[in-house]
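Have the sequence and the 3D view open as you read.

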Amino acid sequence: MFNIDGIVSGFDTSGIIDSLLGFQQQQIDKFNSRKAEVATKQTSFKGIEAQLVTLQSSLGRLNRATNSVFDARVASSTNEDVVTATAGSGAIASNYQISVEQLATAHQVASQGFSSTTDQMASGDITFKVGDRAEQTININASNNTLKGFVNTINEQVEDINASIVFDQAAGSHRILLSSKRTGAANTITVTSAQDPLTGVLPDFSGPAVQPPLNAIVKLGSGIGAISAEYDSNTVDGLIENVTLELNKADPGGVITIDIEADTESAKEAVQGFVDDFNSIIEFIDAQSQYNPETEVGNPLLGDRSASTIKNKLLTIVSETVPDSAVARLSEIGVDLNLQGKLAIDSEKLDKALNGELDGIDAKDIRNLFGLNAVSTSSGVRFLGGTGRTEPSQTPYEVDITQAAEQALVNATNAAAASIVVDGTNNRFEITVDSIVSESLTLTPGTYSTSELADHLESVINSSSTLGVHQVQVSVGSDNRLSITTEAYGSAANISSLNGTAASILGFTGSENDAGQNVAGRFLVNGVEEIAKGIGRILTGDPDNENTADLRVEVTLTAAQINSGSEAELTVTQGITGRLNDYIRSVLDAETGLLKTVNETFESRIASIDKSIEQVEKLTESKREYLIAEFTALESIINELQTTGNFISTQLTSLGNFSNNNKK
């Protein structure tokens with residue numbers, strides 16, 4: 001900055017100018033103070049936004065219509081050394097007595113003995129097969145024709161078998177041990193050799209099994225009518241619905257109790273988490289809105305209407321009732337507003353509610369109190385869920401199905417023989433299921449009836465490692481033709497191209513193909529159509545629907561059950577946390593939300609203040625330049641005056657000297 005302090009006059013010019021511009025600086029200071037206040041309020045609203053996001057996340061566990069935390073189950077075993085249990089959502093709470101009579105084991109076979117791990121193996125192909133699974137062949141050559149090379153090649157290339165070298169102390173020799181990776185009586189190991197005996201030793205696995213393949217045997221109940229069941233795995237699904245048993249040890253005759261109970265602890269944790277997060281945002285808004293009488297200073301949101309609106313709406317929602325529900329208010333399960341305007345939990349009452357100890361209240365009623373739910377008038381149309389965009393129904397929504405979902409189904413072109421001989425010339429085939437082409441699959445040689453062949457074909461296809469979860473069902477029609485049906489429904493389900501040496505004995509030409517179809521339909525709201533899209537058996541409301549956006553139902557109706565009108569009515573209700581989620585979503589909406597509007601207001605005010613500060617600064621700079629120019633001119637005038645004065649003074653001094661000289 002240009003400085004002219006005291007060049008001629010000795011004045012504190014900068015101080016004088018700053019003093020003259022003090023009013024403008026006071027204006028700038030006031031603007032900056034107002035800007036800081038606005039920024040502080042903006043930060044406080046960012047805090048509200050963060051609290052709302054946290055609350056929204058805790059609502060998710062309570063809002064689920066399926067796999068709800070209120071449907072969760074916990075399983076316990078009286079002897080976990082023998083069996084452990086886990087229960088899925090919807091498992092029936094009860095006690096079950098079981099005994100583990102036998103564990104499932106994997107087939108193990110060993111070769112003859114070898115004197116050294118470097119003994120030379122015969123060259124050529126050797127094929128391995130486990131149960132009904134596809135054969136896998138390895139080739140032995142100069143690169144892997146030792147005992148170790150043989151074992152390593154099996155482990156690298158054969159999916160269903162582990163190989164290792166063990167030392168037989170009794171015989172003083174090394175042996176190759178083959179272990180099936182799959183347990184169960186059906187998963188026997190078969191080894192077929194095409195090696196050349198002139199090039200080395202042929203491994204022989206035809207001796208007695210080191211370990212026989214056994215099924216697990218589990219007995220349910222301890223009375224005369226106890227149910228005995230066999231499984232090819234020690235992981236047992238299906239004995240008790242929605243319960244998985246892990247068998248750890250056989251204990252024939254030992255009775256173990258499996259106890260299935262409601263997982264009330266998880267449900268209570270979810271409710272407690274919601275209450276904590278709800279109270280956190282109420283406390284935050286209260287703290288930001290307080291007035292301190294001692295300092296006479298109010299906090300940033302004191303008197304702010306938007307903050308009050310958010311708080312009051314949250315409190316209103318948790319106080320509301322849920323229509324058409326056995327439990328209408330949170331207070332009925334022990335969650336209520338206290339005198340401080342925060343939620344409080346009556347633990348004893350909540351425990352009783354979650355344990356089904358309150359008259360007329362069960363887990364389903366509590367789930368409906370919190371989240372989105374719907375009741376259908378048809379067992380063939382089941383509510384699956386929705387999102388925050390799914391509106392509760394003022395009158396029941398009609399579900400109009402125009403097309404039932406179907407599986408893909410192919411029938412063999414030709415009938416199969418009553419007795420079919422399968423051997424090495426007609427036992428291989430490939431098939432495409434759900435657009436996935438299987439590996440080459442192999443039927444086990446033998447003589448089959450048509451129904452036996454159908455069962456075996458189904459087992460072989462469903463054991464395909466390539467097809468994986470894309471399962472099928474195989475049946476025999478009255479005309480002795482085989483039919484193959486996908487397990488999946490919808491347009492993504494398809495079957496085609498069964499070909500190979502086994503095709504002719506199965507009755508297939510390779511040209512048979514079919515695709516499933518998706519369910520099709522619509523939702524009707526007071527007679528007005530809202531679009532729905534079907535995938536498989538699931539019908540979902542279009543995201544832009546006014547009422548049924550994201551509404552999902554599973555339709556298990558067959559084509560024969562579809563009529564010209566609606567097939568079901570759906571009454572959709574929204575619980576307390578569902579409403580909270582809706583409100584929070586609307587407040588946080590990036591386009592129309594209240595917080596967006598509030599933030600834009602703050603940004604606008606800050607921009608306006610910045611503009612005012614800029615104008616004052618421009619005016620100040622203009623005045624400063626003017627004053628500097630004026631003072632510069634003043635200094636110049638004073639300089640001229642001083643110069644003139646000095647000249648006159650010099651002249652007067654000269655005249656005085658001249659006069660004095662004349663007198664002498």
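**Helix packing around H5**

H5 packs with helix H10 (residues 576-588) at an angle of about 160°, and their axes are 9 Å apart. This is a predicted model in which local features need pLDDT of at least 70 and side-chain atom pairs count only at pLDDT 80 or more, while totals for chains, interfaces and linings use all residues. Residues are numbered from 1 along each chain as its sequence is written, and side-chain values use heavy atoms, with hydrogens and water left out.

**H5 with H10**

- H5 and H10 are therefore roughly antiparallel to each other (an angle over 145 degrees, on a scale from 0 to 180 degrees between N-to-C directions).
- Their crossing is right-handed (the near helix is turned clockwise from the far one by less than a right angle).
- On the H5 side, Thr309, Ile310, Lys313, Leu314, Ile317 and Val318 meet Ile576, Arg579, Leu580, Tyr583 and Val587 of H10 (contact means heavy atoms within 4.5 Å).
- Sorted by class, this contact of H5 with H10 has 8 nonpolar, 1 polar and 2 charged residues.

**H4 with H5**

- Helix H4 (residues 264-288) packs with helix H5 (residues 305-319) at an angle of about 150°, their axes being 10 Å apart.
- H4 and H5 are therefore roughly antiparallel to each other.
- H4 passes H5 in a left-handed crossing.
- Phe274, Phe278, Ile281, Ile282, Ile285 and Asp286 of H4 make the contact with Ala307, Ile310, Lys311, Leu314, Leu315 and Val318 of H5.
- By class, the contact of H4 with H5 has 10 nonpolar, no polar and 2 charged residues.

How values were computed:
Helix = DSSP H or I, 4+ residues; strand = E, 2+ residues; numbered from the N terminus. Parallel < 35°, antiparallel > 145°, perpendicular 65-115°, else oblique. Nonpolar A, V, L, I, M, F, W, Y, C, P; charged D, E, K, R; others polar.
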